[in-house]
Amino acid sequence: MASSLESDGIGMFQRVLISNRGEIAIRIAKAASALGVESVGVFSPVDALSLHTRIATAAFEIGNGAADDPVGAYLDVQALIGIAKESGCDCVHPGYGFLAENAEFAERCAQAGLTFVGPSPAALSLFGDKVRARALASSLGIPVVPGSGDALQSSGEASAVASELGYPVMLKAAGGGGGRGMRVVDVPGAMAESFERCRGEAVAAFGNGELFVEKLIVRPRHIEVQILADGDGNVLHLHERDCSVQLRNQKVIETAPAPGFDDELRDRILADAIRLMKAANYANAGTVEFLVAPETGEHYFIECNPRIQVEHTVTEQVTGVDLVEAQFHIAAGASLASLGLDNQQAVGAPRGFAVQARVVARGAGTLSAYKEPTGPGVRVDGNGYVGYAPPPQFDPLLAKVIASSSSSAGSYAAAVDRTRRALDEFHIGGLATNLDQLKAILAHPAVRTGDARTTLLADEPALLSPALDGNGNGALALLQQQAIVMGISTVSGAGVAPTVAPAVAALDVETGQEAVACPMAGSVLEFRVQEGDAVNAGEALIVISAMKMESQVSAPCDGTVAAVQPLSPGDSVEAGQVFAVIEPKVGAERTREDGGDATWAYLLDDVATMQSLAHERLAPGSEDPGVVRQRSRGKLTCRERIDLLLDAGSFREVGSVAGFASYDEDGNVIAFTPANHVGGSGRIEGRSVVVCADDFTSRGGHSDGAIGAKSGYIDRLSIEMRIPSIRLLDGSSGGGSVASMVPAQKKEGESKAKESRGAIKAGRPRVAGGGGSFLPGHLGSAMYTDQLGKVPVVNMLLGSVVGIGAAKAVLGHFSVMVRDIAQLFVAGPPVVAHAMGYDITKEDLGGWHIHCRNGSVDNLADTEEEAAELTRRFLSYLPSSVYETPPVKAPRTDDPPERREEELFTLIPRKRTTTFDARKAIRLIADKDSFFEIGPLWGTDQITGFVRMNGHPMGVIASDSQHANGGALTADGCSKLTRHLDLCDLFHLPVLNLVDNPGFAVGLEHEITGTIRRGGEWMVAFS
């Protein structure tokens, strides 16, 4: 804050209670300290290690140790005021979110003799009700988005308003902000569900379920004006910000001032913002928000945020005004004039441009590395440090990176470039973030030219999954390498995929060529080949250093180097990074990677009709909405999946006419909605199996009692027939939806709900009869336990697997999920948003990068076809049940029992500090092409799988010396070995033990994960 903010004798507070957490609590504590004000922080139990608790002068726990409601702790008005009084505070700063806009909290503070550092309770009440705020703006002649004048009580009222306005419309919560409680409604049929969802979100986030409807403004810019006002009625603006880059109504990139903005339009918006705040008798800092249609020059008031904003930083950078310090001064009674802001001219013109990028976590984890960017014109407001595990119950914001244009290059483009360079220097390990997304967004032409619209990320979904650009940063590469040297590796399970792109572009591998990849992350010591070189199988191509050990990666076959990455000694490489492509020599041995009315004839006719309708619904060219949606997502239908898995023509369906039929007046079937669960028996390589497949195209997998019983019956068949069970999971897998069905009415007048009869139609998901919604009182755990002890159980995850489906997914001996189309979670994003108060994508919540790395899912497939092949292969090693012996295959004619692999004689080096390829050793020892690895992405210090020896199946376990910690046993590695030994023991498979590790992994992270307990369990399993 400039020296002009001295308050000329105005008294300052002595101690402030900060009723918030994270980076904004740190920001407030630092501002208070600069003013000589002590600070008191608060924290719920899960936030005990949050950095704000150490920055504040003192900190107190709130929530009475109730770890099950960490958010509620920050909403406990009585507890917060009690701590403020007990700790001698004379004021309270609410930050943003939580109680920052709660008029009752501000009133209670005043009653307790505490100054609320923010606007008056009356202003909070006014602007906390968006309907009242719109009415005030309209009365002043300020344009507002056409919409409902009052809060709406039902979806019917909302539909009536929307019909007058014309679709599409926006449903919005009357109280609150931050992008929550907002939903676009495109068509009339979606209003009822959207209304209930939106109201639920609003109640959960703000305790107020009132909604209103606005006409949706197409492709607008989101412009907001920063206001400062004092208690004497003086109001100034500190220019505008552009917050148009948003993801699901939550801001991602913010800029001050708005680039490429029409001056006349800017003047109108700034004047309207000041006029509104004067009319509201507003005092302190606040923000007035508008939507702008650049093509027409129209602007519309949407809301006022009576608090400090997340993006206040960019305004500070271009004005030199410390907004948080100004909040304290104004709350203490200072006038704008005493702060050196006598009039609008005193604010001055913006000093160049500033851009803020919000860095957020994209999943759970612990920060194994954290270094913020620095340098001229770069500011970071963050809450991270090495060892910090951000609680998933809160907003995932980790840090705000703000960069300003320099004095020599004061352009908007210069600020964007500096922000992008700063993001390039941000080193975060152990936790997935959106750093790559932010860099891709800042490189987009619409952003760089200052013409980004609120629809940008919806129109350009590729920005949310950007390809790695290969623009490496030397400092960041060094930090990544040092993290590896210190034993922090993405391979070890200590973290997730690194947020930094490889230093070079990926290589294209054409059909028939061999890709050569790095087995571990490390740094290059030697790179021995160039494009066009002839190489022999086993010839060293690269030498990698990791954990003070050297590893050679050899050519998998004779051939010619078709392409290489331009690597040099000292460059960093990541595990799985393809650094060379080889064109095999003709005939060369290649390495293969696992990789009438008097009869019942009329009923039979009905059965045939319903079966025909069921099959037609899923046939090629079907126009059924659910099937079209399934295909648009690149997914197969349930019957296509069954055909893909089983031997041709072997499937025999059970319960083929379970479902809902409609009949004409003559009793003929005219429509049929089949059960969303298809199952029966079939064969894989001639051996019998039971298979059940979710039909996600029918009601998203939700079920009634009859279908739930069908699912259970098919599972029990495997136990009774003593044959493997394969579940093709896609949805809730037989679980029900309370909202989607109405049970039969026993007596007329007992309920006003209307029953549907016969076929279920889109938009009318109700059933009649005794089924109702299938919500079992238990998971059938007794049956599943019996099944797991008798027959092989395999789960294929082929979509978003949730609820009962998620429980089934982990109750098996082997599981595989398909990259990009499969996710696994207890509850999906809508439920998480409602229960936890934050938005998250289904990919971030339950993608393969989480569950293939934590052991919930064993293997990852790139396609559904590959998933089916992995399933068939897994089952080929196991007997049909525990009552049989494992299947023996006839030895291959090209692989005689006396085969001697000379390479084994030299594969394991005599020098103990030199690693070797354990997987290659397994392949050389076992029958050709028989090694099948299980769980390659978790517990990666150990290797588990199946092999064959002279046609006999057996398990195999081994240590991976090429792992970052040399194969030392981690907690996950021990669990992986234990699980595999139990599997082999259950199905009578001998085990080939190639474990040769240096003991248990040591260090803090391994103590935290309970390595010693998992190790003890492994020792018992091994014995």
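Author: Strand β6 (residues 169–173) is joined to β8 by 5 bridges, and the two run antiparallel. Strands here are DSSP runs of E with at least two residues, helices are runs of H or I with at least four, and both are numbered from the N terminus. Two strands count as paired if DSSP finds at least two bridges between them. Within this pair, Leu-171 sits opposite Val-213 of β8.

A word on the ground rules: this is a predicted model, where local features need pLDDT of at least 70, side-chain atom pairs count only at pLDDT 80 or more, and totals for chains, interfaces and linings use all residues. Residues are numbered from 1 along each chain as its sequence is written, and side-chain values use heavy atoms, with hydrogens and water left out.

Back to the sheet: it is open, has 3 strands in the order β7-β6-β8, and the pairing is antiparallel. The edges are β7 (182–185) and β8 (211–215), each pairing on one side only. From one strand to the next, the twist averages 25 degrees. Helix α8 (residues 155–165) lies across β6 and β8, running at about 10 degrees to β8. For such angles, axes are lines fitted to C-alpha atoms, for helices over the stretch in contact, and the angles run from 0 to 180 degrees between N-to-C directions.

Now for a helix pair. The axes of α4 (residues 77–86) and α5 (residues 103–111) come within 11 Å and cross at roughly 30 degrees. Val-77, Gln-78, Leu-80 and Ile-81 of α4 meet Phe-105, Arg-108 and Cys-109 of α5, where contact means heavy atoms within 4.5 Å.

Next, Val-252, which lies in strand β11 (residues 250–256). Why does Val-252 count as buried? Because its relative accessibility is 10%, and buried means under 20% relative accessible area, with exposed over 50% and partly exposed in between (1.4 Å probe, protein chains only). Leaving aside residues up to four places away in sequence, Val-252 touches several others, among them Leu-247, Gln-356, Leu-438 and Ile-441. Gln-356 is 104 residues from Val-252 in sequence, yet their C-alpha atoms are 8.3 Å apart.

Last stop: Glu-933, in strand β38 (residues 932–934). Glu-933 counts as buried because its relative accessibility is 9%. The side chains of Glu-933 and Arg-919 are joined by a polar contact of 2.8 Å.

Key. A polar contact is a pair of N or O atoms within 3.5 Å; within protein, one must be able to donate a hydrogen and the other to accept it, and residues adjacent in sequence count only if both atoms are side-chain atoms.
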